[in-house]
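Please have the sequence and the structure at hand while reading.

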Amino acid sequence: MIDVKTTPVPAGGSAPATIAVRSWKAPIGFSAFVVIAAVLFIGLGRDGVTNFRLSTNSDLIQLPEIPLPALATGIVATAAMATITVYAFLRAREAKKIPLWVTTLFAVIFLTAFLTWAAAGATLPMIGLLAGALTVSTPLIFGSLGGVISERVGVVNIAIEGQLLSGAFVAALVASITGNPFAGLAGAMLAGALVSTILASFSIKYFVDQIIVGVVLNVLVIGLTSFLFSTLMSGNSAAFNAPARFERIAIPLLSEIPILGPILFRQSIIVYLMYIAVVAVWFALFKTRWGLRLRAVGEHPTAADTVGIKVRATRFWNVLLAGAIVGGGGAFFSLAAVGSFQKEMTNGAGFIALAAVIFGRWDPIRATLAALLFGFATNLQSTLSIVGSPVPSEFMLMLPYIVTIFAVAGLVGYSRPPAATGKPYITS
Amino acid sequence: MKLELRGITKRFGALTANDHIDLTVEPGEIHCLLGENGAGKSTLMNVLYGLYRADEGEILLNDVVQKFEGPGDAMNAGIGMVHQHFMLIPVFTVAENVMLGNESTKAAGVLDLETARAKVREISARFGFDIDPDAKIEDLPVGVQQRVEIIKALSRDAKVLVFDEPTAVLTPQETDELMDIMRQLKAEGTAIVFITHKLREVREVADRITVIRLGKVVGEAEPTASNAELASLMVGRAVSLTVDKAAATPGDDALVVDSLTVTDPIGQVLVDNVSFTLKRGEILCVAGVQGNGQTELTEAIMGLQHRVLGSIVVDGTELVGKSPRGVLDSGVGFVPEDRKEDGLVGEFTIAENLMLDRYTGEPFVKAGTLQLDALAKFATEKVAEFDVRAQGIATKVGRLSGGNQQKVVLARELSRELRLFIAAQPTRGLDVGSIEFVHKRIVETRDSGVPVIVVSTELDEVAALADRIAVMYRGRIIGIVPGDTPRDVLGLMMAGETPAEVAA
């Protein structure tokens with residue numbers, strides 16, 4: 001036997017050691033934008049003054065327009081962004097993180113400079129731009145809420161696009177026949193849930209690959225709605241494709257708050273429902289028994305099973321719920337935005353919503369913010385094409401998708417999906 | 001509460017995992033279920049817990065026949081289980097895990113976390129645990145996670161508590177503490193089923209012992225029985241519990257590891273400034289609780305880790321920066337810890353698996369074409385030499401038992417010219433016969449003059465094989481001690497205490 005004496009563990013040895021990781025992603029990304037800014041705003045700088053309008057004509061409280069000279073703003077903004085970039089390089093060299101507010105500030109400066117440059121010599125209706133962004137975002141937000149619920153419970157929902165489109169179609173049909181937009185909304189939710197039923201049955205009961213079922217469902221819904229549109233609706237659009245619409249409703253008092261009022265509180269019912277849905281889903285997911293069980297099933301189904309939670313049933317019903325929420329969002333297209341159903345009118349919104357789910361790290365609030373960002377990019381494109389911008393319209397049309405790619409690829413960083421999402425739960 | 005299992009039979013296809021098993025556990029009794037890996041212990045307990053449905057037989061609690069449709073029913077009947085692989089959700093807090101499935105709520109299903117926290121604190125206080133109800137599970141050491149499992153079971157008023165291989169992830173000291181907890185539970189009148197294959201623990205804590213072999217009860221034993229008696233009952237024949245091994249005759253330094261540091265993508269240090277040397281003809285065992293950097297250390301040597309600082313030199317060749325192919329070509333043989341995941345391709349045949357790392361040229365590949373005759377001849381030889389029990393060399397590896405799979409891995413790795421041999425958890429999940437074989441081959445490899453690293457979490461294995469022992473804790477080597485260092489010292493080192501005199 002050997003006699004060995006031991007010394008106790010030194011104090012403070014409990015935290016795992018780390019070696020600082022230097023990430024040059026942010027400063028390099030910033031540099032790229034500084035170069036773009038220098039080329040566009042100074043090199044290709046434009047003369048003239050851009051007027052930012054912060055009120056609409058119908059507002060009680062009128063705010064003055066803010067005039068910004070395009071070239072001067074470009075120079076100042078580029079200098080400010082360069083300063084932030086230098087700061088970011090210094091932080092990265094010390095292996096420190098770049099605070100989120102710095103990134104946000106950078107983005108706001110760039111965006112302001114871009115708007116000033118693009119709209120030089122014209123007046124930019126900021127309220128219209130932002131209110132429109134919110135409107136465009138609404139179906140994306142419903143889509144991403146459904147995506148969050150579905151993925152959190154363990155089923156990848158690629159079929160958001162199909163659920164939105166089926167919702168849009170059924171909403172138009174039902175609202176036309178009944179003359180009641182709320183009946184149309186209910187029909188849309190049912191349609192979304194129906195698409196989800198197929199997704200849930202195949203992926204949960206028969207263990208078919210969830211991605212494949214989702215993709216097939218999208219194609220199926222596109223085909224089915226297009227077929228019914230041409231055979232049923234286009235022949236008799238007065239009876240089947242002239243739905244009663246959700247009109248914009250200004251909420252008294254709230255809608256007169258300067259800037260925020262016209263943006264947030266002069267919208268249609270579906271947008272107000274969206275506010276409620278975001279808060280409700282967030283609260284339910286993180287504060288209630290339903291949410292705890294749902295997340296448990298998506299993270300570690302075996303553990304959930306061992307405490308008596310019915311894994312497959314939980315998955316099934318929540319995927320249906322997710323489908324109903326997305327379907328309700330689909331009603332927005334035909335009952336609020338356009339006023340009738342058009343072939344493939346969702347136009348990829350479901351995939352953008354899916355990107356928002358990932359960009360939002362499977363969190364309803366973050367996903368909503370991501371959807372708002374994508375919606376803003378879309379609406380910026382249409383606003384600038386009206387105002388007249390020097391960027392070719394084809395490039396502007398690419399904007400929302402470029403923002404999506406950058407957001408999902410570059411900015412998410414290290415994020416962790418629910419551990420068991422996409423995996424069927426098989427027991428013997 | 002008294003638990004009785006009568007004639008439980010569970011079949012998976014042609015395999016009978018449980019064959020008419022009878023078992024009775026009285027309140028205030030610790031009943032050990034002893035058996036080898038694959039004997040059917042876990043299956044039996046999963047039947048008891050409602051995870052599997054038995055094909056025949058019945059479960060009785062206090063002489064009343066129970067019908068369990070799922071784990072929820074078993075739990076409501078008063079059966080709790082501490083699973084081998086913890087059934088905890090890593091991203092949830094302790095309180096959330098404890099309440100899950102049994103939530104106390106306020107109006108409209110809103111979670112009442114305060115009640116759950118209070119429950120965690122109350123049970124913790126009863127057993128002297130120090131557990132923060134709001135800590136996230138993934139931030140807790142495994143020993144503490146296990147206590148959360150116990151709290152979870154007790155918070156549902158479990159009167160029958162099943163521990164499924166609970167000591168696999170614990171240090172010896174933590175194991176002792178767990179035994180104390182079990183005794184305390186027993187004193188409170190809980191009926192305890194303790195599943196294990198470790199003889200020492202059985203004799204220490206059991207009131208009664210039931211031995212299971214190949215799905216059948218083969219006998220009962222008293223805790224006073226000797227290790228040899230229990231082992232032969234468990235295996236079905238007399239087994240030697242020690243490895244025949246002459247003293248090592250170390251040659252010159254063959255492997256020099258200097259200031260090796262491995263980090264993960266977000267900068268957490270997995271291997272922390274590790275230095276050691278290994279001589280030819282010597283076995284260095286790397287001991288430690290699972291997850292203290294052993295896996296990453298071996299992967300760093302094999303070129304499987306990407307963020308590596310420091311140097312690893314084998315016979316003058318620097319390995320850091322080489323690809324796994326380059327490391328293999330430098331003469332390193334490697335038995336990975338998860339043979340099914342990293343060691344073999346289950347859908348490939350024995351022969352194909354034997355040439356997995358020799359696809360680059362002769363004798364098995366000429367002009368891009370497999371030389372099937374040469375391969376068949378080689379495979380037939382190796383199957384005989386390593387005693388792989390299979391129908392033939394064309395049998396798919398996934399169909400073999402764990403022991404035979406491991407022999408295929410060994411055959412592949414040991415039939416090259418080696419300058420270094422690394423075996424990670426070489427006997428995990430194997431039956432006693434295969435363990436004997438694997439140990440014998442490892443010692444033979446050493447005796448042929450190859451330096452050997454064995455990574456193991458089983459102290460019995462470490463003691464049987466090691467010429468020297470390096471204990472790892474949180475990525476560091478706490479100390480390198482001689483092979484005959486007593487268990488309790490190793491245990492302290494595994495918990496992070498530095499041996500003052502040996503480390504120098």
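The model is predicted. In chain B, the domain assignment places residues 3-235 in domain 1, while domain 2 is made up of 252-331 + 417-503. Between the C-alpha centres of domain 1 of chain B and domain 2 of chain B there is a distance of 33 Å. Eight residues from domain 1 of chain B and 12 residues from domain 2 of chain B take part in the contact. On the side of domain 1 of chain B that touches domain 2 of chain B, the residues comprise three nonpolar, four polar and one charged.

Chain B also has an open sheet of six strands, in the order 6-7-8-3-9-10, with mixed pairing. Strand 6 (79-82) and strand 10 (216-221) of chain B form the edges, each pairing on one side only. On average, neighbouring strands of this sheet are turned by 20 degrees against each other, direction ignored.

Within chain B, strand 7 (residues 160-164) and strand 8 (residues 191-196) are joined by five bridges in the parallel sense. B:Val193 in strand 8 of chain B stands opposite B:Val162.

| Helix of chain B | Strands of chain B | Angle |
|---|---|---|
| Helix 1 (residues 41-48) | lies across strand 3 (30-35), strand 6, strand 7, strand 8 and strand 9 (208-213) | about 150 degrees to strand 7 |
| Helix 8 (residues 227-235) | touches strand 3, strand 9 and strand 10 | about 165 degrees with strand 10 |

Technical notes
Residues are numbered from 1 along each chain as its sequence is written. Chains are lettered from A and ligands numbered from 1 in the order in which they are written. This is a predicted model: local features need pLDDT of at least 70, side-chain atom pairs count only at pLDDT 80 or more; totals for chains, interfaces and linings use all residues. Domain bounds come from an automatic or database domain assignment. Two residues are in contact if their C-beta atoms, placed from the backbone, lie within 7 Å. Ala, Val, Leu, Ile, Met, Phe, Trp, Tyr, Cys and Pro count as nonpolar, Asp, Glu, Lys and Arg as charged, and the others, Gly among them, as polar. Two strands pair if DSSP finds at least two bridges between them. Helices (H or I, at least four residues) and strands (E, at least two) are DSSP runs, numbered from the N terminus. Axes are lines fitted to C-alpha atoms, for helices over the stretch in contact, and angles run from 0 to 180 degrees between N-to-C directions.
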